[in-house]
Structure formats: structure tokens, C-alpha cells
Amino acid sequence: MKVASSNFYACCENDRRRNEDVMNKEGSLSINSENIFPIIKKWLYSDHDIFFRELVSNGCDAVTKLKKLDMIGEYTIPEGKELCVKVTADAETKTITFTDNGIGMDANEIDQYINQIAFSGAEEFLEKYKNDANAIIGHFGLGFYSSFMVSKKVEIRTLSYKEGATAVMWSCDGSPAYEMTEIEKADRGTDIVLYIDDENKDFLEEQRIETLLKKYCRFLPVPVVFGKEQEWKDGKYVDTDTDRIINDTAPAWTRKPSELTEEDYKKFYADLYPDADEPLFWIHLNVDYPFKLTGILYFPKIKNNFDLNRYKIQLYSNQVFVTDSVEGIVPDFLMLLRGVLDSPDIPLNVSRSYLQSDQNVKKISSHITKKVADRLQDIFTNDRKQFEEKWDDIKIFIEYGMLSDDKFYDRAKDFVLLKDNDNKYYTLDEYKKLIESNQTDKDGNVVYIYSTDRVAQYNYIDMAQAKGYDVLLMDGQLDTHFISMLEQKLEKSRFVRVDSDVVENLVKKEEKPQTSLSNEQRDAMTTVFKSQIPALEKCEFLVMFESVGANAQPVMITQNEFMRRMKDMSAMQPGMNFYGEFPDNYNLIVNTDHELVKKIISDAEDANKAALTPITEQLNEVNGEISRLKEQQKDKKDEEIPVADKEALKAAEEKAEGLRKEESAVLTQYAAQTPVIRQLVDLALLSNNMLKGEALSRFIKRSVEML
């Protein structure tokens, strides 16, 4: 049996006397600001639906306080009616009523908590926070007054739980003036009636109310009632006698992990994100010191970029929704996670500036990072098979964290994985041990060879593997940045894409042999091969001659590692867009050791000797004249050089240019009439998936003819 104390009844008698003094009272709200209501309406307009949260939360507080009194024996809750908060709307009277059967208020409490608004230093504060509505509400406890954002009049009808209490009605039309009178009210608790103004009549719509209640109140600890449950009857849905409770009063994060099954966690995730796939796994947070923090964070399966911003982590304070913009509380890289965080140490009306400066928030952020790292380490250590199976889905979280947070990098470097093209997984240490004996270059650098597309780069991967190299698969959204970071973190290491050079040059173990071509042969063959490269949009080719072995491909295409990586990074990183405007630079590498290439060089010299010899002789003669004239003019100022000498040099250079064009025309014509040259170039392009459209059609036709 619960026994009420004698002090409790003495307090009630004192309250009764004070109530007599304030009952049937008229007056003005005690605020230092001239008029709070225009401020509320103007500065809080962007969040004017917040009154749902504030008024329902106030009702929950009243119920919770009554339960507390019942628990400590200072009041006994009568059996029967369940404690709850009820929301009703009446389109005819244009009212929304928030009803609770909690502790209620007497006239003295209304006078203290409603009529007197603590507003010291108001002018300075309002100016400072004029663009931050939440800070104003949170600082002054103005939750109730948010109702005036949408109302032309607000009434409070309330009856205190105290024995002998008299029911009171408080009424205000949005001016500092108010009225407070005695009324008849049978039930303990409070009704707050909002007379909605014409500008906000959309708040009277049932669907809008339900949406806002689910947004702000779906996990409040006290049942929130809105309307009746429905059933299908006579071809339509009709109301039943059962109240419709729109919230879950004991959501998963408020329970102990030992009480929850895997299905409980999955069901809660499905309730939060009905359209999402099942989560990969989750972390249940339950911290009591040095701050209070509960919650469940889920690792979602991200299928595309749209999913990255589709869902958000929801922040609650004692089960009251605060925001889903949790920047500052959750580290940036964990913004990819989903779920719920709940901390009473974060104010209900939280501002961005508060989050950025509060020390508790920073501690919470650090703790979340640590708990995520610990959970990942735990899965890796105890169930590596499961960890590897989910790696492709979770690598974006881990790589993002390692890129953006040094402390997380230090924790994650032991369980971050590298995957090769045979779908084998390695830690950083494991992979280094695997490759260092065969993939260390002449300078002592361990070379990590990687691909970004195992289909498009298959030929290069195959050649590298044939040489005994292991090739990583780095095809993730952040892998370009991740590779650059690893090059800085891992000692004596470098990463090269498998198609960035001929396979013989990927891991240079000794100085490569020089090609035996003379300068004249190199110039001629550059013209021959370059003339047969089809025009490709925003692509430039540099013809190079390499001695890479008789068994290597005759012609290959590679792409400069640095420029390609810069272009890849520019697509994701602000401030590097100028790289994206550059053309793609490729190397067309001609293998001078291959028998086909040797034959092309020999045949070209033989076939064009008669046509090129006189041009070459003239060009040599003209180049000699150019050298003589330049030497003659070398140490002279421009005004000291005779006009005749200047004109002679200009004429010689123009003649040399004309002779080079003649030479180029002869070689280009020969190349065009020699199908094997274009065939080798097209084969190299085809292996890089760069041969398309008309060029591909001609290649196919030529291939048939050559067969």
C-alpha cells in the first residue's frame, strides 16, 4: 500500500490559498521583450510544425511526473483509464486539442510557468540567435509558445492532481494580454486547445497530423493516441472503439541487447526504413558514463550513390525526436550509417553552433568512432569468413573513415582488407608478405599492382599474372583516394595500375634495354603508327618505342598513372575540376622486339626509300643551312641581325617544314595502304575497349579480308 506523506497535504493547502489569489485574474504576460509573439511567428516560421513535438512532449512529461509521484508514494493513480496523450482535430471549429491525463496544473502553476517567461538579457540574445529558431526555444523553454506560430488563440484547460484542486482555463489571443478563470473539468490533466489561423489550416488535415506525429512522436515513452483503429466492413474501412496508438513506447534501443534477437534488430530497421534492404550488421550503444548515450547504428547495403543520402541517422533526446541532421555528433564518415541515437545530454532544441562547440558532443562523437571500430574488429577477429563475405558492402565505410580520421585509420589498419582478382582477401600485412619477394623494384619499393575493371583490363591482368604478379581489384568509389593515402602511410610502397605501363615495366628490377632504332627510324615510324590512330574525342596519344621482348604484344596502349589518377580524383573532389578538362593521355607503345614490328620497319624503309631519299637529302641540306644561320646570329641582338639573314633563316625553316610535310605524306600514304599497321593499332585499342563505331566496323571488315 502506498502512503501519502503529511507534508504533501500541507503543500496542497498552501497551494489552494495561493490559487485563490490568482484565480479570476486578468493581466499581461511578464516578459521583458515588448511582444514575444511576433518574434516567435517570424523567427520560428521555418520550423512552425515544431509545436506538435513541443505540446505532445509536454503532455508526456506531465504523465511521467504523475507516474513518478505514484512510484514514490505521494499519489495513487486510479485504476482504469490508461495514461496517455491524445491529439484530436476538429475541422468545423478549426481546433487541434492536445490532451493528457498527467499531473495537471493549478492557477498558481499557470501563473508561474505560463505567465512569467524568464527573459533576462533578451535583446542581446535575440539579436545573436535571430536566425536560429531552435536556440531561442531551447534557451528559454518556450516550447508551449510555439503553438502561437499557427494559432490565433490558445486555451489551456487543466485540473491538478492535488486534492481539492480547482480546474482553471487560461486563454490568450497572441497578444501579451491573457485571461484566467475557474472552470468545471471532471478529469485530472490538461487540454491545450489551438484555434488554428487561416494561414495554417493545412494542419487540420488528418494525414498531415499523422505524418507530423510519426515524425516527432513515434518513439515517445507515453502512448500517443490519434483517432481510432479501423477495420474493413461492408466494403469500406470504418472506425472501431479501439484507440489508435501511433508510437512505440519501448523501441529497440531502449532495451538491453540481451533482450533482443537478430529478428528484433532487423524488424526495427525495417520500421525505420521500410524501403531499404536488410542491414549488413549493427552496433547497439549503451553508455552511462561520462555521458548517457543509447542507440542502434546499422551498416546498410549501399547499392548506388542515391542510397548515400537517402536515409539519415535520427537523433532523439529521451525518446523525443530532435533532428536527422546529426553533423557534429556523428563523425562525417559514419554519416553513411543508419539508425538512432538518443542522449539526454543533448538539448531537445539543438543548434548547429551548439553541436560544433559542446565538449559532451565531441566526446560522444569520439566514443561512437571507437565503438564502430571495436565492433568491426570483433567481427573480423571472431568471424573472418562473415567479414570477408560483407567486405564489398562495408569497404566504403571503412575506407571513408580511414581517409577522414587518423584515429580510425590507426584502429582499422589491422582489419582493412585488400581483394585481388582471384577474390582472395588479405590484410595489409598479409598482402605485403605475399608480394614483397616478387614485386619489389630495383629501388626497394614494394609495388602494388591493381586493376579497376577486371573485364576491361583482362588482357593486362592476364599478362601480369603470367609474369607471376598478383593483381588487386580496386574498383570501389573511394579507391583512387584510398590508394593515394596508402602510398603515404605504407613505407617504401607504390601503387601502379595494371595498364599504366607494359608489364615488363610495372616492377622495374633493372635498367631496361634501349631500343636499337636510330633517330631517323624513330621519327619515321612515329609518323607511320600515329597516322593510323583513329580520332577519339578528348584523347591524345604519344607513340613510344620500347624493347620489351619478342613474346610481348607488338603494340600496346597504356595510360600515365599520375594524370589518370588526378582525373579520377577530380571527379569526386572539389577544387580539382581543372584536371577533368584535360584530354586523356595515352601511350601507344610499339614493341621493337616483336617480329611483326621488325618487319613493318624493314618493309617501310624498303618501300619508301626511293621516294624519301631525295626528300631526306634536301632536308639534311636545309637543316644544315638553318644550323649555320642560327650559329651566325647566336650572340647578336635582334636589331644587329641583317634583314637579309633573318629572311634567309625564315625561308629555310619554311622549306624544312614543307619537306617534313612531304615526308609525312609519303609515310602516311604508305601506312594507309598497309593494312597490318592499322590492324595492330586497332587490336591495341580493342584490348582497351577504345575501338568503337565506324573504326570498329572497319576493323571487323579488314579482319575478314586479311583472313
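**Entry 1: Glu389 and its partner**

I looked up glutamate 389 in this predicted model and found it exposed, at 54% relative accessibility. Its side chain forms a salt bridge with lysine 385, with 2.6 Å between the closest N and O atoms. Lysine 385 is exposed too, at 60% relative accessibility. I checked the spacing: lysine 385 and glutamate 389 are 4 residues apart in helix 12 (residues 384-389), which is about one helical turn. I noted the general rule beside this: an α-helix has 3.6 residues a turn, so residues three or four places apart point the same way.

**Entry 2: other salt bridges**

I then went to helix 22 (residues 595-633), where arginine 628 and glutamate 625 are 3 residues apart, again about one helical turn. Arginine 628 forms a salt bridge with glutamate 625, and the closest N and O atoms are 2.6 Å apart. Arginine 628 is partly exposed at 42% relative accessible area, and glutamate 625 is partly exposed at 31%.

I also looked at lysine 292, whose side chain meets that of aspartate 288 in a salt bridge of 3.3 Å, N to O. Lysine 292 is partly exposed at 42%, while aspartate 288 is exposed at 54%.

Which residues are linked in a network of salt bridges? I found Glu206, Glu210, Lys214 and Arg244 linked in this way. The count of salt bridges comes to 39.

**Entry 3: helix 8**

I listed the buried residues of helix 8 (residues 262-272): Tyr265, Lys266, Phe268, Tyr269 and Leu272. Seen down the helix axis, they fall within an arc of 160 degrees, so they line one face of helix 8. Glu263 and Lys267, on the other side of helix 8, are exposed. What do the buried residues pack against? I traced them to strand 10 (281-287), strand 11 (293-299), strand 12 (313-317) and strand 14 (338-342).

I followed an open sheet of 3 strands, in the order 20-22-21 and with mixed pairing. Strand 20 (539-546) and strand 21 (555-559) are at the edges; each has a single partner strand, so one side of each has no neighbour in the sheet. Neighbouring strands here are turned by 30 degrees against each other on average, direction ignored.

Strand 20 and strand 22 (residues 584-591) run parallel and are joined by 8 bridges. I located leucine 542 opposite asparagine 587 of strand 22. Helix 24 (residues 675-687) lies across strand 20, strand 21 and strand 22, and I noted its angle to strand 21 as about 40 degrees.

Note on methods. Residues are numbered from 1 along each chain as its sequence is written. This is a predicted model: local features need pLDDT of at least 70, side-chain atom pairs count only at pLDDT 80 or more; totals for chains, interfaces and linings use all residues. Side-chain values use heavy atoms; hydrogens and water are left out. Two strands pair if DSSP finds at least two bridges between them. Helices (H or I, at least four residues) and strands (E, at least two) are DSSP runs, numbered from the N terminus. Axes are lines fitted to C-alpha atoms, for helices over the stretch in contact, and angles run from 0 to 180 degrees between N-to-C directions. Contact means heavy atoms within 4.5 Å. Buried means under 20% relative accessible area, exposed over 50%, partly exposed in between (1.4 Å probe, protein chains only). The arc is that of the directions from the helix axis to the C-beta atoms. A salt bridge is a side-chain nitrogen of Lys or Arg within 4 Å of a carboxyl oxygen of Asp or Glu.
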